[in-house]
Amino acid sequence: MNYDSIPFTDIRRAIAEFQLASRVEPNATILPEEVFLPVGHRGVLDLRRQLVVGNRGMGKSFWTHALGNKDIRDKLAGHYRFPELKSTEVRIGFNGSEKKQVFAPTVDELAEIRQLSIGNPDLIWKALLLRIAEDMLGKKFDTLAATIGTLLQRPSLYSEMLSQLDDQLSQKREHLLVVFDALDRLAQDWGTIRELTRALLRLAIGLQSFQSIRTKIFMRVDLFSDREIFRFQDSSKIKNDHVSLVWQPEELYGLVLFEILRSPDGNSALKMLAAQTDATAALPINGEDSRLHMNEQRRLVHAVAGEFMGSSKKRGLVYTWVPLHLSDAADTCSPRTFLTAWKEAAKRVPAPTDRAIDHLGLLDGVRSASRSRLNELYEDYEWIRPSLEALKRQFVPMTRDQLFQLWEDGRVILAIESSTHGEVFKTPAGLTDNPGPEALLEAMKAVAVIDERSNGKINVPDIYRVEAGILRKGGVAVPKRH
Amino acid sequence: MPVLFDDALPILIEVLNEWGGESFVEMGTVLRDATGRLSFFAHERPPVSAPSETGASASIESPLAHDELDLDPLGRRIVDRLGAYARKDRPVVYPTDDGASPLLTSRERTPVRVGEQFCYLIDRRIVGTGWLAEPVAAATSGPRRLVFASLKGGVGRSTALSVTAADLARRGRNVLVIDLDLEAPGLGHLLLEGGRLPDYGVVDFLVEDGVGGVGNDLLHRFVGTSQLTSSSGGVVDVMPAIGRKSEDRPENILAKLSRAMIEDMTETGTVSVGQQVSSMINRIVAQGSYDAVLIDSRAGLAELAAPAVIGLGATVLLFGTAQTQTIEGYRALFAALQLLAQRDAAQGRSAEWRLALRPVYAKASLNTETADWFRDEIYELYSEYLYDAELEDVTGAQFVPLRFTQQDASAPHAPLIVPFNPAFVDFDPSRQPTQLTEAFYEQSFRPFLDAIDRFLEPAPPEPQN
C-alpha cells in the first residue's frame with residue numbers, strides 16, 4: 001500500500017516520547033484521560049471479587065488509584081457495565097504510603113499499632129473498617145490505636161456499626177469499597193506480612209455476609225503462591241474467585257495505539273493511517289479497548305511497524321512476534337515493558353521512510369525492554385539476581401538436578417540467606433521456612449522467571465534468559481572462520 | 001579400549017588441536033571414507049615440532065611399521081591414537097599432495113561441531129548418499145507438494161492422506177497422490193478399488209528409467225483414477241507403488257524393488273534416486289492439471305526417505321505419536337538435517353527448507369499432560385537441530401536468525417493435530433466408503449485440513465533482500 005501522505009515522523013515521535021514512570025507511587029494522581037481500559041480487567045471492578053493478583057507492573061497500584069478517583073470510577077462504571085460503581089464510596093485501607101492519610105495507616109503507624117494489638121492482627125483491620133464506617137455514618141471516630149482499644153473492650157461494636165452502615169447503604173443502593181495494595185509493605189518480615197495478610201483475607205471473607213461493603217485486595221503473585229498465607233479455614237472462599245491481572249497481546253497493542261493518540265501530532269497521523277488502512281475501528285478512542293477488532297488492529301500495527309520481522313513472513317509477523325518475545329513464564333507481558341520496547345524501537349536510526357518503525361528497531365526495543373524488565377524485578381525481588389546469575393553461560397532447558405547443582409555450586413541459597421536481615425525483598429517467603437533449592441524454584445516459578453515444562457525440564461523465558469546471559473541449547477551454527 | 005566409530009572423530013580433532021590449534025583444525029577438512037576411516041586434509045603444514053613428546057613413547061611401543069609407510073610425526077600420532085579408524089596409507093594429507101586441494105574447497109564440506117569447536121567433514125558413503133544431497137527449497141511454480149511421512153506405520157498417515165485427498169476433491173481441487181512407501185505399499189489398494197489399479201507403479205518407473213526409459217505415451221498407464229474423485233468437484237489420481245502387472249507377477253516385485261533404488265548410469269553421469277523421483281513427479285504432474293501433490297513416504301533413515309524429506313521442495317508432515325520412540329527417531333533425522341543446514345549456512349544459503357518440516361501429533365489424546373510433554377519435546381528438537389543457534393553477541397546483527405519461541409503457534413515446530421478417533425482404527429474406504437464421507441471425518445480432521453489449506457496457498461513472492 002502507498003502511504004505517501006502519512007506523516008510517519010509524527011507517529012514515530014509520539015512513540016519515542018511515551019511517558020513511562022517506573023512505577024505508580026502510592027499517592028499519585030491519575031487523570032481520566034490517561035486511563036486505558038483493557039477488556040480483560042473487567043473482573044477487577046466486580047465488587048463481588050475481592051482478591052486481585054498481579055505481578056510487578058501489571059497494574060495493581062494503577063487500579064488502586066483509578067478506583068479511588070471519582071471521575072475515573074464513573075468512566076469505568078459505564079465502560080465496564082458496572083453501574084453500581086457510580087454509587088460506590090471508595091476508601092484506601094492500606095497502600096504502603098509513608099504519608100499520613102485519614103484512614104490508611106502508614107508503614108510506621110502499622111508497626112507501632114501492631115505492638116498494641118497484642119497478637120490479634122484481626123483487630124487492626126476491624127478497627128480500620130470500624131473507623132471508616134463511623135465516618136460514613138456521620139459519627140465521630142477515634143485514632144486507629146484508640147479504636148483498637150475500644151474493640152478490645154467491646155468486640156461486638158464492629159458488627160453493630162458495620163451492620164448499621166450496610167443497612168443504610170443497601171437502602172440507598174450505595175456501596176463501600178475499601179482498597180488494599182502493597183501488602184508486601186505491611187511489615188519488614190515475612191512472618192508479620194503473612195499474619196496481617198491472613199487477617200485481612202479473613203476480614204474480607206467476613207464481609208461476604210454484608211450486602212454493600214467489600215474490600216478490594218491487590219496482591220503480588222509471590223504472596224498469592226505462598227501456601228502459608230492461605231493456610232486458614234475457608235481461605236478457598238476468597239482464593240477461588242480471585243482475579244488475575246494479565247495483559248493479552250491485543251490489549252497491549254490497544255495501549256500502544258492509545259498512547260500514540262494521546263500525543264497531538266501522533267493523534268492526527270495515526271487517525272489518517274487508520275482511515276487509509278480501513279482500521280479506524282481499532283483506535284482506542286477515549287481509552288476504550290477495541291479487542292473486538294483484532295484484524296483491524298493487526299492491520300494498523302503492521303502499517304505502523306511493518307508486517308514481518310525480516311524480509312518475509314517466514315521470520316514471523318511483527319504483530320505476534322513482539323508480544324511473544326516479551327512474554328514471561330506466565331505468558332504475559334507488563335504494559336510498561338511493552339511500551340518500552342516500542343519507545344526504544346522508535347529511537348533506532350536510520351528511521352524507515354514508509355512506516356514509523358521497523359523490525360530492526362523492534363529487535364533493539366525488545367532487548368532494551370527485557371533489560372529494564374529484569375531490573376524492575378531485581379528491585380522487587382533481589383533474590384532473583386543471584387539465582388539467575390548462577391545460570392550464566394549455561395544451557396537451558398536443563399533438568400531440575402542440573403539447576404540445583406548450579407545453585408549449589410554458586411552457593412546461591414547461602415548468599416540469599418546471608419544477605420538478608422529480614423527484609424522481604426531479599427528473600428522469598430518460602431525460603432525462610434524451608435531453606436533449599438525447592439523453595440527457591442517455587443519462588444522463581446511464582447514470579448514467572450522460571451518455567452518448569454511438562455517434560456520435566458527447567459526453562460527460562462527469552463525475556464529474562466537473553467538478558468541474564470543464559471544460552472539456548474544447540475542450533476544450526478557455522479565456524480567463526482569460513 | 002579400541003577406538004570405535006563414535007569416538008574416532010573427536011579423537012582425531014583432539015590430536016589435531018594439540019598439534020596445530022583450533023584454526024589448523026577449522027581450515028582443514030576431515031575425510032571419512034566409505035568404511036568410516038578418517039584422514040585429515042590440512043590447509044598448510046602444521047608447526048614443525050610435536051607439542052609434547054608423549055607420542056614418541058607411544059610409537060616405540062606401537063608395533064606399527066611407520067617407517068615403511070613414510071609418515072610424518074603428525075601422521076604417526078594420528079595412526080597411534082585412532083588405530084583402525086585411521087587411514088593408514090595417508091592419515092594426513094598436505095596441499096602439495098595429489099588430489100588434496102579440490103577437497104579443501106569442496107561443496108561437500110560440512111561443518112560439524114565437535115566438542116567446543118568445529119571441523120569440516122566430508123562423509124563418503126555407498127548407501128545413504130541421498131541424505132547428503134543439497135536440500136531443495138519449496139518450488140515457486142507448479143502445484144504444491146505435501147509429503148506425508150512417519151517413522152513407523154500405524155500412526156494414521158495413510159488415513160490422513162486419504163482424508164486430505166477426499167476433502168480437497170470435494171472442494172473442487174485436483175489431486176495427485178504418489179505412493180513412495182515402496183517397501184510397504186498400501187495406498188494403491190486403499191484409493192484404487194476394483195479395476196482402478198493402473199498397469200504400472202513407481203517401482204516400475206524407476207526400474208524402466210534406468211534401462212530404456214519411460215516414454216510420454218506410456219505415462220498414463222502409471223496412474224489410476226481413484227474412487228475419491230468427486231463428480232461435482234475435483235479429480236484424485238493415484239500413482240501406486242506397484243501396479244497390476246506386478247500383482248500378476250508377484251515373484252518379480254523384490255527383484256524390481258532392488259533395481260528401483262539404485263543410481264542410474266547415463267552418458268552424462270549418474271542420476272541419483274532422488275533426482276529420478278523428482279523428475280518422475282514432474283513428468284506425471286505435467287500430464288494433468290493438479291492443484292496439489294500428496295506423497296506418501298517413510299521418514300526413516302532409509303535411502304528412499306531422503307528425497308521425499310529434502311529433495312522435493314515439499315511441505316513435509318512428520319507424523320508421530322506422543323511416545324519417546326517418536327522423539328528419538330526424529331532426533332536422528334533432525335541431527336542429520338542439522339549438518340545439511342550447517343553446510344548451507346557455511347556456503348551462504350539460508351536453508352529455508354527447514355521451515356517446510358512440520359510435525360503432526362497423531363492419535364492425539366485429550367490428556368493435556370501428554371500433549372504438553374510432546375509439544376515440549378518437539379520444540380526442543382527443532383530448537384536444538386533446525387533453528388539457528390543464538391549468537392552470543394547480537395548487537396549489530398543485521399538479520400533475524402531463524403528462531404521461534406515455543407509459544408509461537410505459527411512457527412514450524414507447532415504441531416498439527418489429528419485426535420485419536422477409534423472410528424478410524426480399521427480405516428479402509430475401499431471396503432467402507434462411508435469412512436470418507438464428510439460428516440465422518442469432519443470432526444477429527446477439520447483443524448488438520450485447515451492447516452493443510454494454508455500450506456497449499458500459493459507462495460508469496462520473495463522480496464529481494
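In chain A of this predicted model, the three strands S7, S9 and S8 form an open sheet in the order S7-S9-S8, with antiparallel pairing. Strand S7 (398-399) and strand S8 (451-452) of chain A stand at the edges; each has a single partner strand, so one side of each is left without a neighbour in the sheet. The points below take up the sheet, a pair of helices and the cysteines.

**The sheet in chain A**
- Strand S9 of chain A covers residues 457-459 and pairs with S7(A) in the antiparallel sense over two bridges.
- A:Met398 has A:Ile458, in S9(A), as its bridge partner.

**Two crossing helices in chain A**
- Helix H18 (residues 400-409) and helix H21 (residues 437-446) of chain A have axes that come within 10 Å and cross at roughly 105 degrees.
- H18(A) is therefore roughly perpendicular to H21(A), because angles of 65 to 115 degrees fall in that class.
- On the side of H18(A), the contact is made by A:Arg400, A:Leu403, A:Phe404 and A:Trp407.
- H21(A) contributes A:Pro437, A:Glu438, A:Leu440, A:Leu441, A:Glu442 and A:Met444 to this contact.
- Seven residues of the contact between H18(A) and H21(A) are nonpolar, three are charged and none is polar.

**Cysteines**
- Over all chains, the count of disulfides comes to zero, where a disulfide would require a pair of cysteine sulfur atoms within 2.5 Å.
- A:Cys333 counts as buried because its relative accessibility is 2%, and buried means under 20%.
- B:Cys119, at 1% relative accessibility, also counts as buried.

How values were computed
Residues are numbered from 1 along each chain as its sequence is written. Chains are lettered from A and ligands numbered from 1 in the order in which they are written. This is a predicted model: local features need pLDDT of at least 70, side-chain atom pairs count only at pLDDT 80 or more; totals for chains, interfaces and linings use all residues. Side-chain values use heavy atoms; hydrogens and water are left out. Two strands pair if DSSP finds at least two bridges between them. Helices (H or I, at least four residues) and strands (E, at least two) are DSSP runs, numbered from the N terminus. Axes are lines fitted to C-alpha atoms, for helices over the stretch in contact, and angles run from 0 to 180 degrees between N-to-C directions. Angles under 35 degrees count as roughly parallel, over 145 as roughly antiparallel, 65 to 115 as roughly perpendicular and the rest as oblique. Contact means heavy atoms within 4.5 Å. Ala, Val, Leu, Ile, Met, Phe, Trp, Tyr, Cys and Pro count as nonpolar, Asp, Glu, Lys and Arg as charged, and the others, Gly among them, as polar. Buried means under 20% relative accessible area, exposed over 50%, partly exposed in between (1.4 Å probe, protein chains only).
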